[in-house]
Amino acid sequence: MSLREYNVAIIGCGRIAGHNARAILATSGLKLVAICDLIEANAKEYSDEFSVPNYLNYHQMFKMHPSIDAVVIATPSGMHFEHTMEVLTKYKKHVIVEKPTFLTTTRLNRAYDTAERLGLKIFPVFQNRFNLAVQKVKNAIDSGELGNIQIMSVRVRWCRPQRYYDLSQWRGTYSHDGGALTNQGIHHVDLLRYLGGEVEKVNATMRTLGVNIEVEDSVVATLSYKTGNIASLEVTTAARPLDFEASISIIGSEGLAQIGGIAVNELQVFTPDPEACKIYSEDFSGCVYGNGHQLLYRSIHNSLSTQEPYLIDRSDCHQTINLLHAFYCSDEQSNWIQVSEGRESTRLGRPDERISNLYRTEDLLCLN
């Protein structure tokens, strides 16, 4: 029996959009039918590369392609919620939301509540979970091969100079971007949960050291887990002059594992079986986003066609964004924060209508 084909469109044509497009094209049962961006050159570039129509106004896109089934939201982070809600409520389409999904848990809950009420689905993207090295270590933890986790450590040492933040007005803002932890470190925050389980409390200090922006470009933190193990986190985009490292290490009672490379793509140390390091390492030199999107899109197709549960559910996504906010709350209060209390930062995701207006699209059809 042939697979039903689902039509997918993309809103937002930054670099990650191209990676999503390639993953869609590589997935049986999915068809890329349109792309949209407010900047004509960005939309045309991907339109030419993937031979699909491009639009500057997504309302026009939906009018021309009423058979769209699902939409990738790859717009600035602070616009994910607004764009998702409009796609859900006005056009009744499923949504695939790039990291960090939504900037607050309040928005996340509202979006999921709306989707469930309308019989639609939200698919968050945390592709680094599915790197070969991460999966090997996850299986080793679950099987007891590494024993009980005792200490975990995250290090992200990347370079984002002032010119990076000056590219767009949303970058480096609490309203639409978040700092190094939200933008560059979110996958590692997610892996602290995915590999280590639920965090009990965090104590974080944030600083802006290398650029002139309102958000942090550096954070160091200590974490304590419900199971008694501890962890440390260091995320910075103040490294110069290049990206150097994105790693996570796990010290277990029966061995040590370290995943490194540019985007947790290399199994560098695995004491239970050192030969596994070669087998479970991937070369991301051609694309820092890796190969996890393809697995996620296969799961999206399965979820739409057979109702098979998607690999990352609402609760899972909520817990990662909740943990993210605990770091910011800790810095704001200069104290330990109990993650289970579900506090939201006073800074991350705060409204800024001036910036939002730059990325809103009017429905010109309704104005006529």
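User: Which residues in H5 do Phe81, Thr84, Met85, Leu88 and Thr89 in H4 meet?

Analyst: This is a predicted model, in which local features need pLDDT of at least 70 and side-chain atom pairs count only at pLDDT 80 or more, while totals for chains, interfaces and linings use all residues. Residues are numbered from 1 along each chain as its sequence is written, and side-chain values use heavy atoms, with hydrogens and water left out. Helices (H or I, at least four residues) and strands (E, at least two) are DSSP runs numbered from the N terminus, and contact means heavy atoms within 4.5 Å. On that basis, the residues you name from H4 meet Arg107, Arg110, Ala111, Thr114, Ala115 and Leu118.

User: How do the residues of the contact of H4 with H5 divide by type?

Analyst: Ala, Val, Leu, Ile, Met, Phe, Trp, Tyr, Cys and Pro count as nonpolar, Asp, Glu, Lys and Arg as charged, and the others, Gly among them, as polar. Sorted in this way, the residues of the contact of H4 with H5 come to six nonpolar, three polar and two charged.

User: At what angle do H4 and H5 pack?

Analyst: Axes are lines fitted to C-alpha atoms, for helices over the stretch in contact, and angles run from 0 to 180 degrees between N-to-C directions. The axes of H4 (residues 80–91) and H5 (residues 105–118) are 10 Å apart, and the helices pack at about 10°. Angles under 35 degrees count as roughly parallel, over 145 as roughly antiparallel, 65 to 115 as roughly perpendicular and the rest as oblique, so H4 is roughly parallel to H5. The angle asked for is about 10°.

User: How many aromatic pairs are there, and how is the pair of tyrosine 46 and phenylalanine 50 classed?

Analyst: Rings of Phe, Tyr and Trp (its six-membered ring) pair if their centres lie within 6.5 Å, and planes under 30 degrees apart count as stacked, over 60 as edge-to-face and the rest as tilted. The count by this rule is six aromatic pairs. For tyrosine 46 and phenylalanine 50, the ring centres are 5.9 Å apart and the planes are at 25°, so the pair is stacked.

User: How far apart are the ring centres of phenylalanine 62 and tyrosine 91?

Analyst: Phenylalanine 62 lies in H3 (residues 58–64) and tyrosine 91 in H4, so the pair ties together parts that are 29 residues apart in sequence. Buried means under 20% relative accessible area, exposed over 50% and partly exposed in between (1.4 Å probe, protein chains only), and both phenylalanine 62 and tyrosine 91 are buried. Ring pairs also link the two with Tyr58 into a cluster. The planes of phenylalanine 62 and tyrosine 91 are at 15°, so the pair is stacked, and the ring centres are apart by 4.2 Å.

User: Over the face of which residue does lysine 201 lie?

Analyst: A charge sits over a ring if NZ of Lys or CZ of Arg is within 6 Å of the ring centre and within 35 degrees of the ring normal. Arginine 171 lies over the face of tyrosine 164, at 4.3 Å from the ring centre. Lysine 201, at 5.0 Å from the ring centre, lies over the face of tryptophan 336.

User: How many of the residues of helix H9 are buried?

Analyst: Helix H9 spans residues 186–196 and is largely enclosed by the rest of the structure. Its buried residues include His187, His188, Asp190 and Arg193. The helix is followed by glycine 197, whose phi is positive, near 95°. The number of buried residues in H9 is 11 of the 11.

User: Is threonine 101 buried or exposed?

Analyst: Most residues other than glycine have a negative phi, and most peptide bonds are trans. Threonine 101, with a relative accessible area of 0%, is buried.
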